[in-house]
Amino acid sequence: MTDSTPGQCDEGSATIAEENNAIEGFQRRIDERLTARNYTETARFGIRLALEEAIMNGFHHGNQKDPGKRVEVRWQISSDVATFHVIDQGEGFDPDAVPDPTLDENLEIPSGRGIMLIRTYMSQAFYHTPGNHLEMHYRKPVTK
Amino acid sequence: MSTAPSRIRVVDVNGVMRVEFVDRDILDEASIRQIGAELARAIEAANAPRVLICFQGVEHLSSAALGSLITVNSLIKKRGGQLRLSNIKKSIYEVFVITKLHKLFQVFDTAEQALQGFASS
């Protein structure tokens with residue numbers, strides 16, 4: 001995990017292996033950075049969930065559970081926007097081909113909810129072609 | 001067979017299997033798999049199991065945990081039983097609403113409310 005010195009914008013990257021506590025340790029460090037920049041508990045809940053889903057999707061669907069493959073996360077956290085790039089070593093996929101998990105006929109299917117949770121909790125989320133690179137942004141709501 | 005410490009606590013309350021989680025975060029795959037396996041073992045040992053899963057103390061869960069709950073619900077229904085959920089923190093309940101899973105599960109504010117009419121049903 002590499003970091004910049006906290007300043008105007010906190011940025012860094014981490015290469016994560018699918019092993020016990022690797023994601024947990026990473027999430028804790030990101031949460032500390034978000035807390036330091038006054039992201040609310042609600043914002044941090046959503047970002048943590050989106051990151052968890054993105055990284056797990058990278059391991060399972062992208063890397064096909066290959067223990068030799070990694071997921072890379074790059075981040076930039078300013079006082080207003082938190083940006084994350086989650087990149088796996090797989091061949092990519094078509095996110096539009098994932099069935100809508102909220103349809104009645106799909107409710108009892110145990111998987112397929114990660115992408116919709118990411119899109120719901122983040123302000124913006126999209127995949128770069130061929131689909132192994134997710135870019136997502138959380139923008140703090142404007143307060144008057 | 002896993003020798004890892006149990007990730008759930010199961011208590012019998014007048015014939016209802018009341019389940020609580022040991023962890024506050026139900027996120028990592030290994031824990032979720034273990035929880036699913038422990039629940040499946042308990043359910044398969046019962047006839048028409050009535051199961052209450054209490055989320056007291058749970059702060060985070062992932063879509064993989066939701067998937068495990070769906071599998072557990074299907075298993076309980078197959079065995080002629082019933083599943084109820086309770087004590088779900090507001091932020092986590094929102095995840096159920098976003099995914100529309102609140103329509104699939106019977107969710108109660110408290111374990112006491114969930115147990116009402118459940119133990120004798």
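In the predicted model, the face of helix α1(B) that is turned away from its buried side carries the exposed residues B:Arg41 and B:Glu44. The buried residues of this helix are B:Ser31, B:Ile32, B:Ile35, B:Gly36 and B:Leu39, and because they cover an arc of only 135° around the axis, they are placed on the same side of α1(B). Within chain B, the packing partners of these buried residues are the strands β1 (8–13), β2 (16–21) and β3 (25–26), together with helix α2. Helix α1(B) itself is built from 16 residues, and the distance from its first C-alpha to its last is 22 Å, close to the 22 Å expected at 1.5 Å a residue.

Helix α1 (29–44) of chain B also takes part in the contact between the two chains, being one of the elements that give two or more residues to the side of chain B that touches chain A, alongside α2 (63–78) and α3 (90–98). In total, 21 residues of chain B are in contact with 20 residues of chain A. The largest share of the chain B side is contributed by α2(B), with seven residues. When the residues on this side are sorted by class, nine are nonpolar, eight are polar and four are charged.

Chain A contains three helices and six strands, which follow one another along the sequence in the pattern β-β-α-α-β-β-α-β-β. Its radius of gyration is 15 Å, close to the 15 Å that the globule rule gives for 144 residues, so chain A is as compact as a globular protein of that length. The C-alpha trace of chain A spans about 45 × 40 × 30 Å along its principal axes, and 34% of the 144 residues count as buried. Among the contacts in chain A with a separation of 6 or more, 58% are accounted for by residues 24 or more positions apart.

In soluble globular proteins, nonpolar side chains tend to be buried together. In the present model, the largest nonpolar core has 63 residues, and those with the most contacts inside it are A:Ala50, A:Ile55, A:Ile118 and B:Leu52. Helix α2 of chain A (residues 41–62) provides the largest share of this core, namely nine residues.

Key. Residues are numbered from 1 along each chain as its sequence is written. Chains are lettered from A and ligands numbered from 1 in the order in which they are written. This is a predicted model: local features need pLDDT of at least 70, side-chain atom pairs count only at pLDDT 80 or more; totals for chains, interfaces and linings use all residues. Two residues are in contact if their C-beta atoms, placed from the backbone, lie within 7 Å. Helices (H or I, at least four residues) and strands (E, at least two) are DSSP runs, numbered from the N terminus. Ala, Val, Leu, Ile, Met, Phe, Trp, Tyr, Cys and Pro count as nonpolar, Asp, Glu, Lys and Arg as charged, and the others, Gly among them, as polar. The radius of gyration is taken over C-alpha atoms; the globule rule is 2.2 Å times the number of residues to the power 0.38. A residue is buried if 20 or more other C-beta atoms lie within 10 Å of its own, exposed if 12 or fewer, and partly exposed in between; C-beta atoms are placed from the backbone. A nonpolar core is a set of buried Ala, Val, Leu, Ile, Met, Phe, Trp, Tyr and Cys residues joined through C-beta atoms within 7 Å. The expected span of a helix is 1.5 Å times one less than its number of residues. The arc is that of the directions from the helix axis to the C-beta atoms.
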